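Okay, everyone, thanks for coming.

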Amino acid sequence: MTKRLDLRVDFAFKSLFGTHGNESILAAFLNAALRFPDEKKIQTVQLLDPHFNKENQEDKRSILDVHAQLEDGSRVNIEIQLNNKHDMEKRTLYYWSKMYSSQMREGMDYGELCKTITINIINFRYLSHITDYHSTFQLYEREQKLLLTDMLEIHFMELPKLLIKWRHREVDPREDQLVRWLLLLEASEDEEITQVLEEIAMQEDQVLKKAMDEWERVSQDPEVLLAYEARKKALLDEKSALKRAENLGKIEGERIGVEKTIKTMALGMIHKGIDNETISDLTGLSQEEINNLRRQ
């Protein structure tokens, strides 16, 4: 069997869920993710341009992973993140605001603006105080928990948390459609998941079967593979850079901690009347640094 693309890589994800001709796959995922009741199930989705042009020289040009419009006019953005850049909430709000404001046209009334939804699928633990793998945020009054508006909706789907539940048999892709779609993103690295999903696809889920067939097809496309490998390398380089920055931050934090401890020791010696030369010998601080501590 051909080695399939890792769907956690944003380019591969877009190739399956954000490509014209695959709208039924995207609709099935959104129905599972947004938990619409049967009478409100999404039948069709329209893929929109994922690019937002800069409005001024200082503005940041934004490119969404998957940008779509539902039948009621609601806008949806799906973002998939392999690496934790520690800016998730601000990045999410920025993209949400760009999607929401981009609806406005000259002469348009504010009442015509439609609901805007962001779905973040992330390959790292983000909300440490929440055990659920799927969290949904809206605008509520703090004390009364009163919903201000349903125009904003932000989802976080944490794949590591889902995998833990899968291994403990706390979730079942046969019973939960969102579980099966999210596990599909992990299937390239897990033969058991692949086998279970293939059984479900053959027995009951025609859209999942279409998705897996399309996944197989794009995984053999030379042009797709070339772009995929380039993107995968860029993400690995990004991960290495983030790790180096994190390690440097730890080193700097340790250095600051050591300096603080030495100064605390020196202050204790000063309070005990020990002379500068002795303090300098014991701590390595200069005479000037010790005198500055004496003036504190």
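Let's start with a helix pair: the axes of α5 (residues 177-184) and α7 (residues 206-218) come within 12 Å and cross at roughly 5 degrees. Axes here are lines fitted to C-alpha atoms, for helices over the stretch in contact, with angles from 0 to 180 degrees between N-to-C directions. Helices are DSSP runs of H or I with at least four residues, strands are E runs of at least two, and both are numbered from the N terminus. That crossing makes α5 roughly parallel to α7; the label covers angles under 35 degrees, while over 145 is roughly antiparallel, 65 to 115 roughly perpendicular and the rest oblique.

Who makes the contact? On the α5 side we have Arg 180, Trp 181 and Leu 184, and on the α7 side Val 207, Leu 208, Ala 211, Met 212 and Trp 215. Contact means heavy atoms within 4.5 Å. By class, that contact has 7 nonpolar residues, no polar ones and 1 charged. For the bookkeeping, nonpolar is Ala, Val, Leu, Ile, Met, Phe, Trp, Tyr, Cys and Pro, charged is Asp, Glu, Lys and Arg, and polar is the others, Gly among them.

Before I go on, a word on the source: this is a predicted model, where local features need pLDDT of at least 70 and side-chain atom pairs count only at pLDDT 80 or more, while totals for chains, interfaces and linings use all residues. Residues are numbered from 1 along each chain as its sequence is written, and side-chain values use heavy atoms, with hydrogens and water left out.

Back to α5: 7 of its 8 residues are buried, so the helix is largely enclosed by the rest of the structure. Buried means under 20% relative accessible area, exposed is over 50%, and partly exposed sits in between, with a 1.4 Å probe and protein chains only. At the N-terminal end of α5, Asp 176 is the cap, with a side-chain oxygen 2.9 Å from the backbone nitrogen of Leu 178.

And α7? Its buried residues include Leu 208, Ala 211, Met 212 and Trp 215. Its N-terminal cap is Asp 205, where a side-chain oxygen lies 3.2 Å from the backbone nitrogen of Val 207.

Now Ala 28, which lies in helix α2 (residues 23-34). Leaving out residues up to four places away in sequence, Ala 28 touches Trp 181 and Val 207. Ala 28 counts as buried because its relative accessibility is 14%.

Next, what does the side chain of Asp 10 make a polar contact with? The partner is the side chain of Arg 231, at 2.6 Å. A polar contact is a pair of N or O atoms within 3.5 Å; within protein, one must be able to donate a hydrogen and the other to accept it, and residues adjacent in sequence count only if both atoms are side-chain atoms. Asp 10 is in helix α1 (residues 10-17), and is buried at 10% relative accessible area.

Last one: His 67, in strand β4 (residues 66-69). At 4% relative accessibility, His 67 counts as buried, and its side chain reaches the backbone oxygen of Asp 49 at 3.0 Å.
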